[in-house]
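Me: I'm new to this one. Can you walk me through the structure?

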Amino acid sequence: MKYFEVEPATPGARCERLGCACGSAPVAAAESYLFVPSDCVNFRIDCPTLKQAQAKVRRKMNEAKARAGRKFMIIFDDTIPAPRLYCRQAAEMHGIDLKLAAADAAHWRSTSQAPYRPTPIAGHEAEDMSAHVRAATGCAILVAIVPLAGLAISFAAKLVT
Ligand SMILES: [Zn+2]
């Protein structure tokens, strides 16, 4: 299994599942589960170090800006390049493989690394993606390219309703 570099665990690191019932509470080491989405693995496939990942984000942003021109706002989902820390409740809600996610969290806490293997849903087989390194060009880095005029209209609509 190959691994990529992740920000080190900080004391008091919080649950990162959106809308988790724990209210993003700090997660104890023993109750940690690491969720590695396939989007994240795809993005990191050609940039194993944090430095490389940051450079790739900048490059993708610049490319998108150049393509979109000035009339558009680029919205980048900065959660894509990183795996997420889940509490027990979050891991169960998501239905991920608890044993693997707990082992990945322990590995991350001791080495600051995550596997090139998206966290499987419980009962499904794990897939090591480090074997098929590919030119990850079409990965989902851009969540939206929003026309600024359209944005103004939708804000106006919100004010009216
Ligand atoms: Zn939680």
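Me: Which residue just after α4 takes a positive phi?
Reply: Ser112 does, with a phi of about 60°. Ser112 sits in the loop between α4 (98-111) and β5 (113-115). Helices (H or I, at least four residues) and strands (E, at least two) are DSSP runs, numbered from the N terminus. Residues are numbered from 1 along each chain as its sequence is written. This is a predicted model: local features need pLDDT of at least 70, side-chain atom pairs count only at pLDDT 80 or more, and totals for chains, interfaces and linings use all residues.

Me: Where is Ser24, and what is its phi?
Reply: Ser24 is in the loop between β1 (3-5) and β2 (33-35). Its phi is positive, about 50°, and Ser24 is not a glycine.

Me: Why does Ser24 count as partly exposed?
Reply: Because Ser24 has 15 C-beta neighbours inside 10 Å. A residue is buried if 20 or more other C-beta atoms lie within 10 Å of its own, exposed if 12 or fewer, and partly exposed in between; C-beta atoms are placed from the backbone. Ser112 is partly exposed too, with 15 other C-beta atoms within 10 Å.

Me: Back to α4. Which of its residues are buried?
Reply: Ala101, Asp104, Ala105 and Trp108. They cover an arc of only 105° around the axis, so they are on the same side of α4. That arc is taken from the directions from the helix axis to the C-beta atoms.

Me: What covers those buried residues of α4?
Reply: The cover includes β2, β4, α3 and β5. The face turned away from the buried side carries the exposed residues Lys99 and Ser110.

Me: How far apart are the end C-alpha atoms of α4?
Reply: They are 20 Å apart. That agrees with the 20 Å that its 14 residues should span at 1.5 Å a residue. The expected span is 1.5 Å times one less than the number of residues.

Me: New topic. How many residues are in the largest nonpolar core?
Reply: It has 23. Tyr33, Leu34, Phe35, Tyr86 and Ala101 have the most contacts inside it. Such a core is a set of buried Ala, Val, Leu, Ile, Met, Phe, Trp, Tyr and Cys residues joined through C-beta atoms within 7 Å.

Me: Which elements give two or more residues to this core?
Reply: β2, α1 (38-44), β4 (84-86), α3 (88-94) and α4.

Me: What is Tyr86 in contact with?
Reply: Leaving aside neighbours within four places in sequence, its contacts include Cys15, Tyr33, Phe35, Ala91 and Ala101. Two residues are in contact if their C-beta atoms, placed from the backbone, lie within 7 Å.

Me: And the whole chain: how many helices and strands?
Reply: Five helices and six strands. From the N terminus on, they run β-β-α-α-β-β-α-α-β-β-α. Of the 161 residues, 20% count as buried.

Me: What is the mean pLDDT?
Reply: It is 83, and 80% of the residues reach 70 or more. pLDDT is the predictor's confidence in each residue, from 0 to 100. Over residues 135-141 it is below 50, though this stretch has 13 contacts beyond near neighbours in sequence.

Me: What about residues 152-161?
Reply: pLDDT stays under 50 there, with zero contacts beyond four places in sequence. Where pLDDT is low, the predicted coordinates should not be read in detail.
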